[in-house]
Amino acid sequence: MSVHYLVYVSQAARGTTDATLAEIIAASQHNNPAAEITGVLLFVPGRDSQVGSFMQMLEGETAAVEALCKRIFADPRHHTMVVLARGDRETRCFPDWAMALKRAARGEVDDHPVLANLADTDFVDRLACGPGARDSVQLLRDFWDAAPLE
Ligand SMILES: Cc1cc2nc3c(=O)[nH]c(=O)nc-3n(C[C@H](O)[C@H](O)[C@H](O)COP(=O)(O)O)c2cc1C
């Protein structure tokens, strides 16, 4: 049986703090198991005046993933969502995580030039329109392997 997945990026709202991230993860870990959703949430701190960016992968049954995505996209804690990839896979990428948070540190992001530019409109244009969108799942997995888990 295949599993549906969705990957998006968004910009964190002003006022996002560690407490905000902790609240989001707590709600996710509370809600996702019942909906049989797994995935990862990556937070990349912004440069200059940018607050930061999110990149999240949700995976599970199609209706469950799409319903959760709708709820998440209505959340005022972020904006400018762009879906990079959605589709079906044979197996889950992150079967063990109801939702795991990774926070990218500056040095780690430097090793991933694509992610370092997550907050640039340029990045969104590039990934949303270009061949990069196809690579977003791989990119998330590479980053997952490289960066420490919180
Ligand atoms: C970037 C981001 C990612 C989120 N991811 C999830 C998630 O995976 N699962 C979830 O239930 N809520 C997630 N949320 C929170 C939802 O938008 C919403 O606040 C929450 O599901 C409401 O749950 P509650 O009714 O139990 O409070 C996320 C929010 C943001 C801003």
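User: A residue counts as buried if 20 or more other C-beta atoms, placed from the backbone, lie within 10 Å of its own, as exposed if 12 or fewer do, and as partly exposed in between. How does R92 count, with 17 C-beta neighbours inside 10 Å?

Analyst: Welcome! Residues are numbered from 1 along each chain as its sequence is written. Because R92 has 17 C-beta neighbours inside 10 Å, this residue counts as partly exposed.

User: In what order do the elements of the chain run from the N terminus on?

Analyst: Helices (H or I, at least four residues) and strands (E, at least two) are DSSP runs, numbered from the N terminus. The chain has 6 helices and 5 strands. From the N terminus on, the order is β-α-β-β-α-β-β-α-α-α-α.

User: Among contacts between residues at least 6 apart in sequence, what percentage join residues at least 24 apart?

Analyst: Two residues are in contact if their C-beta atoms, placed from the backbone, lie within 7 Å. Of the chain's 150 residues, 27% count as buried. For contacts between residues at least 6 apart in sequence, the share that joins residues at least 24 apart is 80%.

User: Which residues have the most contacts inside the largest nonpolar core?

Analyst: A nonpolar core is a set of buried Ala, Val, Leu, Ile, Met, Phe, Trp, Tyr and Cys residues joined through C-beta atoms within 7 Å. The largest one has 21 residues, and those with the most contacts inside it are L42 and F54.

User: Which element gives the largest share of this core?

Analyst: The elements that contribute two or more residues to this core are β1 (3-12), β2 (38-45) and β3 (52-60). The largest share, 6 residues, comes from β1.

User: How many of the 9 residues of β3 are buried?

Analyst: Strands pair if DSSP finds at least two bridges between them. Strand β3 runs antiparallel to β1, joined by 8 bridges, and pairs with β2 in the antiparallel sense over 8 bridges. β3 is largely enclosed by the rest of the structure, because the number of its 9 residues that are buried is 8.

User: Which element supplies the largest share of the shell around the ligand?

Analyst: The ligand is surrounded by 16 residues, the closest being S28, N31, F54, D75 and R77. At least two residues each come from α1 (18-35), β3 and α2 (62-73). The largest share, 6 residues, is from α1.

User: How many residues of the shell around the ligand are charged?

Analyst: Ala, Val, Leu, Ile, Met, Phe, Trp, Tyr, Cys and Pro count as nonpolar, Asp, Glu, Lys and Arg as charged, and the others, Gly among them, as polar. The shell has 7 nonpolar and 6 polar residues, while the number of charged ones is 3.

User: How far apart are the C-alpha atoms of R92 and E59?

Analyst: R92 lies in the loop between β4 and β5 (100-103). Leaving aside neighbours within four places in sequence, R92 is in contact with V3, T38 and E59. R92 and E59 are 33 residues apart along the chain, yet their C-alpha atoms are separated by 6.7 Å.

User: T80 has a positive phi although it is not a glycine; what is its value?

Analyst: T80 sits in strand β4 (residues 78-89). With 12 C-beta neighbours inside 10 Å, T80 counts as exposed. Its positive phi is about 55°.

User: In which helix is confidence lowest?

Analyst: The chain averages a pLDDT of 80, and 67% of the residues score at least 70. Where pLDDT is low, the predicted coordinates should not be read in detail. Confidence is highest in α2, at 97, whereas the lowest mean, 54 over residues 121-129, belongs to helix α5.

Methods: This is a predicted model: local features need pLDDT of at least 70, side-chain atom pairs count only at pLDDT 80 or more; totals for chains, interfaces and linings use all residues. A residue is near a molecule or strand if its C-beta atom, placed from the backbone, lies within 6 Å of it. pLDDT is the predictor's confidence in each residue, from 0 to 100.
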